[in-house]
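Me: I have a structure to go through with you. I want to know what lies behind the labels.

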Amino acid sequence: MSSIAVLGAGSFGTALAYLLGSKGLEVRLWCRRKDQAESIRQSRRNPDYLADTILPASVASTSDLAAAVRGVETVVLVTPTHSLRETIRTGGGSLDGAKTIVCASKGIENETFLTPTQIVRSLLPGSDRRVAALSGPSFAKEIVRGVPTAVTIASLAPETAKEMQALFRTPTFRTYTSGDLVGVELGGAMKNVIAIAAGICDGLQFGHNARAALITRGLAEITRMAVRLGAEPLTLAGLSGLGDLVLTCTGDLSRNRTVGLRLGQGESLDAIVKGMHMVPPPATGRGAASRPLGSPGETVAGGAMVAEGIHTARSARHFSRKQGVELPITEKVYEVLYEGLPPRRAVEELMGRELRAESTG
């Protein structure tokens, strides 16, 4: 296989570049900033993410998007979902020339409610059968440590899923295939919202009972929404659903859980975003998040981290209201983030909902 372009030099993009480069494959790692690309070229380390990881010699960094994607067979998109459309448009015809496009971003676009592969397919007509999604429980720091990890690669075309399965597989990175593109992507996106809720419970010191209930009911909520959009229910019980949900709700490396944890401990979203050097959420609503925090694509302090759940909560809540799909946990996370609802009050309101059979929500 010819060279591979990894677009996005955050934690996960760096980890995937390391993974593929360690197989001896030629990888071009695209960085949004020229200084970051130059630092990687000189030191073989990403100064902003996974700084202790030495990248293989076969990984080359560049800030020139056209040069990164020119002539490659596979493009791996790992940019934040809210900037994915801009990246694809900037790549233009060069990106359209790739044989396969793999979306490793997790989220839902606010304005359109499109998943990453749907954004790609809307901008690159005729690309349906060459687009895939990679998702599952996979912290970047553990990937580069060589910790056993398993993920799902989904595509509408079985041959594309199998080809990418072989491309990404290593002795410590096991890949499974799926034809349920919608289910795999929605599981990866929505688990971030539930992880914020789980962090809130932990920040309020509610214990293991609350966390277990939250994860279980969160999975029911994700499944309800995904099935409405055409997903297979069993997909949400797999790696990209339950697996990723458990990891993100319980792991100390989870940025989304950390956001919730600090909210539960009484910090404002504004302070959390600035303290973690994160991409700000859209300015909307009132209360804790009502003060403008910058544009969705803004970077701070060199390279900005992303807690996608902050953005996804907004788009999922919009979907819930528009489609009449009940997402009570998502609704409360949205109210905490964007309307200033106190976290403890949010939990009280969830617990005080009308009693019903478990199967009905």
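Me: Phenylalanine 113 and phenylalanine 319: are they buried or exposed?

Reply: Keep in mind that this is a predicted model. Phenylalanine 113 is buried, and phenylalanine 319 is buried too. The label calls for under 20% relative accessible area.

Me: Why is the pair of phenylalanine 113 and phenylalanine 319 called stacked?

Reply: Two values decide. The ring centres of phenylalanine 113 and phenylalanine 319 are 4.6 Å apart, and a pair needs centres within 6.5 Å. Their planes meet at 10°, and stacked means under 30 degrees, so the pair is stacked.

Me: What makes this pair a link between distant parts of the chain?

Reply: Phenylalanine 113 sits in the loop between strand 5 (100-103) and helix 5 (116-123). Phenylalanine 319 belongs to helix 13 (residues 308-323). They are 206 residues apart.

Me: What makes tyrosine 334 and tyrosine 338 a tilted pair?

Reply: Their centres lie 5.0 Å apart, within the 6.5 Å limit. The angle between the planes is 35°. Stacked needs under 30 degrees and edge-to-face over 60, so this pair counts as tilted. Both tyrosines lie in helix 14 (residues 328-338), four residues apart, about one turn of the helix. Tyrosine 334 and tyrosine 338 are both buried.

Me: How many cavities of 30 Å³ or more are there?

Reply: The count is one. The largest cavity has a volume of about 40 Å³.

Me: Which elements each supply at least two residues of its lining?

Reply: Strand 6 (131-135) and helix 8 (181-203) do. Among the lining residues are Cys103, Leu134 and Glu185. The lining divides into four nonpolar, three polar and two charged residues.

How values were computed: Residues are numbered from 1 along each chain as its sequence is written. This is a predicted model: local features need pLDDT of at least 70, side-chain atom pairs count only at pLDDT 80 or more; totals for chains, interfaces and linings use all residues. Side-chain values use heavy atoms; hydrogens and water are left out. On a 1 Å grid over the protein atoms alone, a cavity is a set of points where a 1.4 Å probe fits but cannot get out, and a pocket is an open set with protein on both sides within 12 Å along at least five of seven lines; lining residues have an atom within 4 Å of a point. Grid points are joined across faces, edges and corners, and a volume is the space filled by probe spheres set on the points. Ala, Val, Leu, Ile, Met, Phe, Trp, Tyr, Cys and Pro count as nonpolar, Asp, Glu, Lys and Arg as charged, and the others, Gly among them, as polar. Rings of Phe, Tyr and Trp (its six-membered ring) pair if their centres lie within 6.5 Å; planes under 30 degrees apart count as stacked, over 60 as edge-to-face and the rest as tilted. Buried means under 20% relative accessible area, exposed over 50%, partly exposed in between (1.4 Å probe, protein chains only).
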